[in-house]
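The sequence and the structure are shown below.

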Amino acid sequence: MHGLTFDELMTELFTERWSSLKTQSGYAMCVRVMKRHIKTDYPAEVTKQQVLAWRATVVKRPGRPEGISEVSWNTYSRHLKALYNFGIERGYLTDNPFLRVNLKPPVLKTKTLPDGAISKIRQLLRYCMDLEDKGEPRGAYIHPAWFWLVVVEMLYHTGIRQRQLLCIKLHDIDLRNARFICSAEGAKNSKESLLPLHRELIPLLDHLLDQAVRRGAKPSDQLFNVNLHSKRHRLETMNTWQVGMFFTRLSRKLGMTVSPHRFRHSFATELMAGDNADIHLTQLLMGHSDIRSTMIYVDVPVDKLRSYLMQRSGA
C-alpha cells in the first residue's frame, strides 16, 4: 500500500495550518522539482539514497557551475523535511529522508548598492520625468518616472522588503505623524510594525496619495500600484513581476545591479556605519525577530575596518 500522495499530504498540511497561498506555492514548487528527479507520487516510496543522488545531480560543484546553489538546495530540503515531519506526526509516514541533507553554503559578502548608485538612479529618473513633463513619455526609458522615483526613495529610506512595499495600503500612511504601518501580511515573521517616515519621503508620498485618490483609489487599496498611473500597465494590482521588470530595466540602463534587496542591505549597512550606530534600533527598523538576522545584513565598510586597524601601535 502506497499511502497518501504528495498532493494529499500537502492538502492536509495546508488545511490544518491555514497556510497562505505563498506558502502553499512554495511547498508545491519544491515537490514538483523533486518529482523531476525522484519519479513517484508517494512520499513513502522516497528513500534517503534517492535524495542524496538528487542532491549530487543538481548542486553545483567545481567544474559544474550550471548547478543550483547550496542555498537553493536547502530551500527544497527544508520544505520537504517539514512536509515529511508533518506526515510522521500524523502517522502516515515512518521515516524522513530529508533529515541531515542540508549543505553549508559559503558565506559571501553582502550585496549592497554599488557606490554612487542612488545618485545615478535619481539622475536617470529625473531625466525621464523631464521628458514626460515635456509631453514626450515615449522617449522616457522608464515610465511613469515620478512613480518609480517614489518606489526607489521608499526602499532607500525604509529598507523594507519588496513584499512589504506591495502590501502597503493608502490608509497605512500617516503623513501628519510621519509614520506608516508595515503590515503583517508582507512580513516574514507575520508581525505588524509601526515605522517612521524619513522627512524626504513626506512630499513624495503626499503626491502619490493625491494621485491615487484622484484615480479612484480607496483607503484600503494598494498604494504602490503602477497600474493606476500608466496606460502601459494593465493589471489590477502591482505584483513582484512588475517591480522586477523595473529594476531589470534600471540595472541595464545604469550598467550595475540594482534590486530591492540591495536597498535593504545598504539600509542596514549604512545605519550601522554611522557614529551613533545601534544594532537594536537597526533590528527594529529591519523588522527582525532575531538580532542574528540583522547581523547578516550588516557589512562593515573597509574604511572603518582600516581606521580600527590603524589605531594599533606599530611598535
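## Overall make-up

The protein chain has 13 helices and 3 strands; helices (H or I, at least four residues) and strands (E, at least two) are DSSP runs, numbered from the N terminus. This is a predicted model, in which local features need pLDDT of at least 70 and side-chain atom pairs count only at pLDDT 80 or more, while totals for chains, interfaces and linings use all residues. Residues are numbered from 1 along each chain as its sequence is written, and side-chain values use heavy atoms, with hydrogens and water left out.

Taken along the principal axes, the C-alpha atoms of the protein chain fill a box of roughly 70 × 70 × 40 Å. Of the 315 residues in the chain, 41% are buried; buried means under 20% relative accessible area, exposed over 50%, and partly exposed in between, with a 1.4 Å probe and protein chains only. Contact means heavy atoms within 4.5 Å. Among contacts between residues at least 6 apart in sequence, 58% join residues at least 24 apart.

## Nonpolar cores

A nonpolar core is a set of buried Ala, Val, Leu, Ile, Met, Phe, Trp, Tyr and Cys residues joined through side-chain atoms within 4.5 Å. The largest such core has 47 residues, and M154, L205 and F224 have the most contacts inside it. Two or more residues each come from helix 5 (117-133), helix 6 (145-158), helix 7 (162-167), strand 2 (179-182), helix 8 (202-214) and helix 9 (240-254). Helix 6 gives the most to this core, with 10 residues. A second, separate core of 25 residues includes L13, F14, Y76 and F98.

Leaving aside neighbours within four places in sequence, L205 is in contact with V150, M154, I173, L175, L197, L223 and F224. V150 lies in helix 6 and counts as buried because its relative accessibility is 1%. Not counting residues up to four places away in sequence, V150 touches L204, L205, L208 and F224. V150 and L13 are 137 residues apart along the chain, and their C-alpha atoms are separated by 40 Å.

The 3 strands form an open sheet in the order 1-2-3, with antiparallel pairing. Strand 1 (173-174) and strand 3 (193-196) are the edge strands, each pairing on one side only. Two strands pair if DSSP finds at least two bridges between them. Strand 1 and strand 2 pair in the antiparallel sense over 2 bridges, and I173 stands opposite F180 in strand 2.

## Pockets

Pockets and cavities are found on a 1 Å grid over the protein atoms alone: a cavity is a set of points where a 1.4 Å probe fits but cannot get out, and a pocket is an open set with protein on both sides within 12 Å along at least five of seven lines; lining residues have an atom within 4 Å of a point. Grid points are joined across faces, edges and corners, and a volume is the space filled by probe spheres set on the points.

The largest pocket has a volume of about 1,600 Å³. Its lining comprises 40 residues, of which V71, T75, R78, K188 and H261 lie nearest its centre. Helix 2 (21-37), helix 4 (70-89), helix 7, helix 10 (260-273) and helix 12 (291-297) each supply at least two residues of this lining. The second largest pocket has a volume of about 360 Å³. It is lined by 16 residues, and the closest to its centre are T112, L113, P114, D115 and E270. Helix 10 gives the most to the lining of this second pocket, with 3 residues.

## Cavities

A search of the whole structure finds 2 cavities of 30 Å³ or more. The largest cavity holds about 80 Å³ of space. Of its 16 lining residues, Q164, C182, S193, M286 and G287 are the closest to its centre. Helix 11 (279-286) and strand 3 each supply at least two residues of that lining, and the largest share, 3 residues, comes from helix 11.

The second largest cavity has a volume of about 40 Å³. Its lining is formed by H2, G3, L4, L9, P43, A44, Y92 and L93.
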